[in-house]
Amino acid sequence: MADFEPRIVAFLCHWCTYTGADLAGTTRQQYPPNIRIIHLMCSGAVDSIYVLKALIDGADGVLIGGCHPGDCHYQTGNYKARRRVAILKGILEQMGFTEHRIWLKWISASEGKLFADTVTKMVDDLKKMGPNPMKQLWNA
Amino acid sequence: MAKKAAVKVAEEKTDEAIIGFLKSLLEKEVVEAILIPKTLPSQDGFVQTLIRDPEKLNGVCVFSPTMPVQSARVVSNLSVKNLGKKVAAVLKACEIRAAVELAKFLQVKMDNLYLIGIDCPGTFEVTDYARMVQEGKGGESLTKELLKGMEKGELSLPSGYSFRTACQMCEYPVTQADISIKLFGYKADQEIGIEIGDKLGKEIEEKGILSFSENGSPSRSEVISKVIAERTKKRDALFQEFKGIVKDLQAFLDRFSTCVRCHNCMVACPICYCKECVFRTAVFEHDGDQFLRWADRKGEIRMPTDTLIFHLIRMSHMVTSCIGCGLCDSACPSRLPVATLFRSVGERIQKMFQYVPGRNVEETPPVASFKEDELKIESGAL
């Protein structure tokens, strides 16, 4: 598994985590290039369909990045995202998919380093876990 | 405070005692119409009927032992747009709980709606019941037998038949409604109980329809606990069995290999609240080239695609509010254990939010609310 490079699909909110990712770039933080970022206005706009579609069709992990609790630009989008992710993870765990491949992370616009560290850690963890079994189900 | 009454049954005709009470609701204008199951002319099934003329209540079947549709849907159609007159609906426990959930999603309006619940021994599949009638095992004799069994909570069914799986594991045999008709613990050929909630108690007393007393059946609560305990045991056994089979997603797909993607479970589900289902929108219409790219990545893909996503997303929408009526089971042409799936997943998710669907119309469903300080799941397992 030494040459396994995990593929991460990230749904980042415009106001915090996406801007945080931008900061990581402008401040020249190093992080692995395994991540594909999808820019959304709010983590509350992440539908469980997006997450599942990514995992079934080829991603090894999904990162959902939003503003810290209390900081949502739209007041409550991140709280709603948190419930949605909790429900989705609960369903998957109950159906025997217990691997920790869906990450929810609060990263503010000023936390470029935290963004870089999160991606580094996630890639590390996914490398240890190996490829996502869900993406191999041809009959899904 | 709920008001209680005991109603005497004449000549062992329990249904007539209840029909008499319902008639007086219409005649004394407590309500202007009643929605209630009626036996079809073919005698082998029941349908919900909206009755305005008190005389038409003759021949309704208050104990209809089937559930051809989830009446919460009927009640939704009836009440959601301009229901200007008071209507009472005679529903089973799971139908009431589904109606309560739909009210939270603004798809049932309770303003002019009065729910009449009736203790439920369980229901048969529609096709099973039709066969029972052909074999002479349905109709009045079955009702008599069921009512007799409900006195002690020991039901004996015609040989070769059983209740729907969802009913066998339903922990809600009694209803919380504006009017509850109580049968468990009563010698129903002599007496039944009626409980009136706050919404109607005063009016029914003033119009002299019932005389209230605190006397009830002494054994009722014991019988109910017994029935609930039996069903809970069955439920846990089914959950356990299901968990043993569905060890991972591959095992789930193996168990659900005969799913034909008909979406019947979705159509039958009273909780599926989206007015337009995402699986029937352009979101799931893709370019031909897109399918090829997916096939390219995996080497091959099942067509049509998205079977797993369909079940998972349906669950993520309805599982918090799943009241376990099991109509998905009845609707499945492949006889897949969809109800067991939704209920076993539902139990876990509902516990996560300490939410009991159908309990109280004042509560907010978990998908429509949040707490600031909860669910410490930030990049961690649940």
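How many bridges join strand S1 (residues 8-13) of chain A to S2(A), and do the two run parallel or antiparallel?

Analyst: The model is a predicted one. In it, strand S1 (residues 8-13) of chain A is joined to S2(A) by six bridges, and the two strands run parallel. Within this pairing, A:Ala10 has A:Ile37 of S2(A) opposite it.

The pair belongs to an open sheet of four strands in chain A, whose order is S2-S1-S3-S4 and whose pairing is parallel. The edges are taken by strand S2 (35-40) and strand S4 (102-106) of chain A; because each has a single partner strand, one side of each is left without a neighbour in the sheet. Direction ignored, neighbouring strands of this sheet are turned by 20 degrees against each other on average.

Helix H1 (residues 17-26) of chain A lies across S1, S2 and strand S3 (61-66) of chain A, and its direction is at about 110 degrees to S1(A). Helix H3 (residues 77-94) of chain A also packs on the sheet, where it touches S3 and S4 of chain A. The direction of this helix makes about 160 degrees with that of S4(A).

Helix H2 (residues 71-79) of chain B packs with helix H3 (residues 93-104) of chain B at an angle of about 45 degrees, their axes being 8 Å apart. H2(B) and H3(B) are therefore oblique to each other, and H2(B) passes H3(B) in a right-handed crossing. On the H2(B) side the residues that meet the partner helix are B:Ser71, B:Ala72, B:Val75 and B:Ser76, and on the H3(B) side they are B:Glu95, B:Ala98, B:Ala99 and B:Leu102. By class, this contact of H2(B) with H3(B) has five nonpolar, two polar and one charged residues.

Chain B is divided into domain 1 (3-232) and domain 2 (239-368), with C-alpha centres 30 Å apart. Domain 1 of chain B gives 22 residues to the contact and domain 2 of chain B gives 19 residues. On the side of domain 1 of chain B that touches domain 2 of chain B, the elements giving two or more residues are H2, H3 and helix H6 (165-168) of chain B. H3(B) provides the largest share of that side, nine residues.

Definitions and conventions
Residues numbered from 1 in each chain as written. Chains lettered and ligands numbered in written order. Predicted model: local features only at pLDDT ≥ 70, side-chain atom pairs only at ≥ 80, totals over all residues. Pairing = 2+ DSSP bridges. Axes fitted to C-alpha atoms, helices over the stretch in contact; angles between N-to-C directions. Contact = placed C-beta atoms within 7 Å. Parallel < 35°, antiparallel > 145°, perpendicular 65-115°, else oblique. Left-handed = near helix turned anticlockwise from the far one by under 90°. Nonpolar A, V, L, I, M, F, W, Y, C, P; charged D, E, K, R; others polar. Domains from an automatic or database assignment.
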